[in-house]
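Please open the model in a viewer and keep the selection panel at hand.

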Amino acid sequence: MVEINGSVVAITGASSGIGAAAARALAAEGAKVVIGARRAERLKELAAELNGSATVVEMDVRKSEDSQKLVEAALDAHGRLDTIVVNAGIGVYGGIMDMSDQQIEEMIETNVSGTVWPIRAAVPLLLKGDGGDIVIVASVAGLRGAGDEAVYAATKFAQVGLAGALDRELREKGIRVTAICPGGVATEFAMGTGRTPDMPGLEEMLRPEDVAAAIVSVLKQPRTMRSLVWSMRSIHEPD
Ligand SMILES: NC(=O)c1ccc[n+]([C@@H]2O[C@H](COP(=O)([O-])OP(=O)(O)OC[C@H]3O[C@@H](n4cnc5c(N)ncnc54)[C@H](OP(=O)(O)O)[C@@H]3O)[C@@H](O)[C@H]2O)c1
């Protein structure tokens, strides 16, 4: 197993849900986390909870220069970057004709451009280290799209396609690329689809901590192996 104690991990979308859970899980393993999102107050609260092992970066993944800020913060604080967890994302559900142009543009910019910019910013630093990792939090919607999520599924298929192609581009240079594809996870994102915390479906979903544990596990795998796509579901979720 690879030791991640002391490694430097940048995470997008760390102000809530899976990203925040990943920051907690990685910090518990001794990693230094560089946490990015738009809601700086949430990030500061998380950093306070993590007792100095986190660096906060207010950023919008839709802007390439903000992704540069994220990796530069890692460089300033720790002199290197070992892993980037590309997790920030939004989902709007409904039929293709039920969404506004703006909702579609925001989803594509956040989920597709907002995946490409942090990776482009991180790769030069990852190449300088002794083996880097890119972990993309995609979705089961990146493997098969449900009927009410065509555009969301398109963005998540884009992430899975990007991960596969990047693996072919970067594996021989020592960088592993993994797409994690969860089913429903009980986060603010899931609530946004019309659910409320008291609805029974929510407690039967994956927990953000489950996805965080998968991220930790991917990073700890011996560097003689790589996980390309990790598809995960709650035990209650039908196929
Ligand atoms: N929950 C699910 O059922 C589920 C299932 C499969 C995959 N996923 C994926 O998991 C990822 C994380 O979602 P989650 O479930 O943890 O939901 P969440 O709690 O809503 O977290 C989403 C995160 O993305 C950040 N974000 C959104 N737009 C951003 C932007 N323009 N710039 C920077 N950060 C931005 C949010 O931070 P700010 O708002 O502070 O910027 C927040 O930290 C997403 O990519 C989602 O597609 C979720």
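This is a predicted model: local features need pLDDT of at least 70, side-chain atom pairs count only at pLDDT 80 or more; totals for chains, interfaces and linings use all residues.

Residues are numbered from 1 along each chain as its sequence is written.

**Nonpolar cores.** Select Ala10, Ala22, Ala23, Val33, Ile35, Ala122 and Val211, which touch the most other members of the largest nonpolar core, a set of 64 residues. A nonpolar core is a set of buried Ala, Val, Leu, Ile, Met, Phe, Trp, Tyr and Cys residues joined through C-beta atoms within 7 Å. A residue is buried if 20 or more other C-beta atoms lie within 10 Å of its own, exposed if 12 or fewer, and partly exposed in between, with C-beta atoms placed from the backbone. Helices (H or I, at least four residues) and strands (E, at least two) are DSSP runs, numbered from the N terminus. A second, separate core of 5 residues includes Ala141, Val151, Tyr152 and Ala153.

**Helix pair.** Next, display helix 4 (residues 101-128) with helix 5 (residues 150-170): they pack at an angle of about 10°, and their axes are 9 Å apart. Axes are lines fitted to C-alpha atoms, for helices over the stretch in contact, and angles run from 0 to 180 degrees between N-to-C directions. Residues of helix 4 that meet helix 5 include Ile104, Met107 and Ile108, and on helix 5 the partners include Val151, Tyr152 and Thr155; two residues are in contact if their C-beta atoms, placed from the backbone, lie within 7 Å.

**Ligand shell.** Now select the ligand and the 33 residues that surround it, of which Gly13, Gly17, Arg38, Gly89 and Phe189 are the closest. A residue belongs here if its C-beta atom, placed from the backbone, lies within 6 Å of the molecule. Helix 1, helix 4 and helix 6 (188-191) are the elements that give two or more residues to this shell.

**Two single residues.** Is glycine 19 buried or exposed? Glycine 19, found in helix 1, is buried, with 30 other C-beta atoms within 10 Å. Finally, go to asparagine 51, in the loop between helix 2 (40-49) and strand 3 (54-58). Asparagine 51 counts as exposed, with 8 C-beta neighbours inside 10 Å, and its phi is near 55°, a positive value in a residue other than glycine.
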